[in-house]
Amino acid sequence: MLADYPDRLVVTALPSIRSKAVGVDVILYDTLGLHLRDGADLQHVMQHTDAKVLIFSRDMRPDLRAKAYSLGANAWVSMSVQAGELVRTIELTAAGEPVGENRDRLGTVAGLTTREVEVLALISQGLSNQEIAAKMVLSVNTLKSHIRQAYRKIGATTRSQAVSWAITHGFAPPDAKTLSSGASLAPGMDTGTSSAGQSG
């Protein structure tokens with residue numbers, strides 16, 4: 001996809017998830033990793049590399065995008081973009097400039113916080129309050145406070161109304177694998193003249 005732009009960036013695969021990404025300006029991170037694992041690889045690149053993290057995700061999983069933001073990712077780009085737009089977004093991210101997608105962040109229309117988006121995402125995946133509290137490392141009482149605030153903002157009074165709102169606003173509906181395994185929202189890929197690396 002990026003082979004036609006050798007004068008603008010160099011793509012390199014990270015040697016391992018625990019790589020220090022030396023010389024890499026931008027890590028292009030596929031949020032599928034957040035669905036399959038626990039987020040440790042994204043946390044590593046945020047804490048132990050100097051690279052900026054550009055989230056690269058499917059439009060139908062804005063809940064995973066919100067989770068990546070909550071872990072510190074710098075920007076987001078859809079997997080549906082054309083190569084030229086992706087290159088431009090990588091360059092902007094490398095320069096620390098906004099990429100014009102903040103208005104698209106999930107839940108913005110309702111004024112939801114990132115935490116509230118995470119809560120609604122897990123509710124929409126069919127998890128119980130106890131399961132959500134464990135995944136988010138919260139007490140059940142704190143979780144209930146987040147749920148009340150989120151429900152108030154979206155105008156829901158029941159769990160089924162909240163799930164309906166979430167699915168209508170872009171959250172993926174529960175799938176059999178998630179419901180049977182209790183899988184968490186969890187990490188990617190990397191890129192770099194801007195050098196870009198790929199993880200995951």
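Buried means under 20% relative accessible area, exposed means over 50%, and partly exposed lies in between, with a 1.4 Å probe and protein chains only. Arginine 8 is partly exposed on that scale, because its relative accessible area is 29%. The model is predicted, so local features need pLDDT of at least 70 and side-chain atom pairs count only at pLDDT 80 or more, while totals for chains, interfaces and linings use all residues. Residues are numbered from 1 along each chain as its sequence is written, and side-chain values use heavy atoms, with hydrogens and water left out.

Start with the overall layout. The chain has 9 helices and 5 strands. Helices (H or I, at least four residues) and strands (E, at least two) are DSSP runs, numbered from the N terminus. From that end, the order of elements is β-β-α-α-β-α-β-α-α-α-α-α-α-β. Of the 200 residues of the chain, 48% count as buried.

Next come the charged pairs. Side chains of opposite charge can pair when their charged atoms come close. The criterion for a salt bridge is a side-chain nitrogen of Lys or Arg within 4 Å of a carboxyl oxygen of Asp or Glu. The whole structure holds 2 salt bridges. One joins arginine 8 to glutamate 91, at 2.7 Å from N to O. This pair links distant parts of the chain: arginine 8 sits in the segment before β1 (10-13), glutamate 91 in helix α4 (residues 83-94), and they are 83 residues apart.

The other salt bridge pairs glutamate 116 with lysine 153, with the closest N and O atoms 2.9 Å apart. It too links distant parts of the chain, from helix α5 (residues 114-124) to helix α7 (residues 140-154), 37 residues apart. Is glutamate 116 buried or exposed? Glutamate 116 is buried, because its relative accessible area is 5%. Lysine 153 counts as partly exposed, because its relative accessibility is 25%.

Alanine 110 lies in the loop between α4 and α5. Its relative accessible area is 18%, so alanine 110 is buried. Beyond its neighbours within four places in sequence, alanine 110 is in contact (heavy atoms within 4.5 Å) with Lys153, Ile154 and Trp165. Alanine 110 and alanine 150 are 40 residues apart in sequence, yet their C-alpha atoms are 8.7 Å apart in space.

Two packed helices are described by the angle between their axes and the distance between the axes. Axes are lines fitted to C-alpha atoms, for helices over the stretch in contact, and angles run from 0 to 180 degrees between N-to-C directions. Angles under 35 degrees count as roughly parallel, over 145 as roughly antiparallel, 65 to 115 as roughly perpendicular and the rest as oblique.

α5 and helix α8 (residues 159-168) pack at about 105 degrees, with axes 9 Å apart. α5 is therefore roughly perpendicular to α8. Leu120, Ile123 and Ser124 of α5 meet Arg159, Ala162, Val163, Trp165 and Ala166 of α8.

α5 and helix α6 (residues 129-136) pack at about 135 degrees, with axes 10 Å apart. The two are therefore oblique to each other. Arg115, Glu118, Val119, Leu122 and Ile123 of α5 make the contact with Ile132, Lys135 and Met136 of α6.

Finish in the loop between α6 and α7, where valine 137 lies. Valine 137 has a positive phi of about 55 degrees although it is not a glycine. It counts as exposed, because its relative accessibility is 72%.
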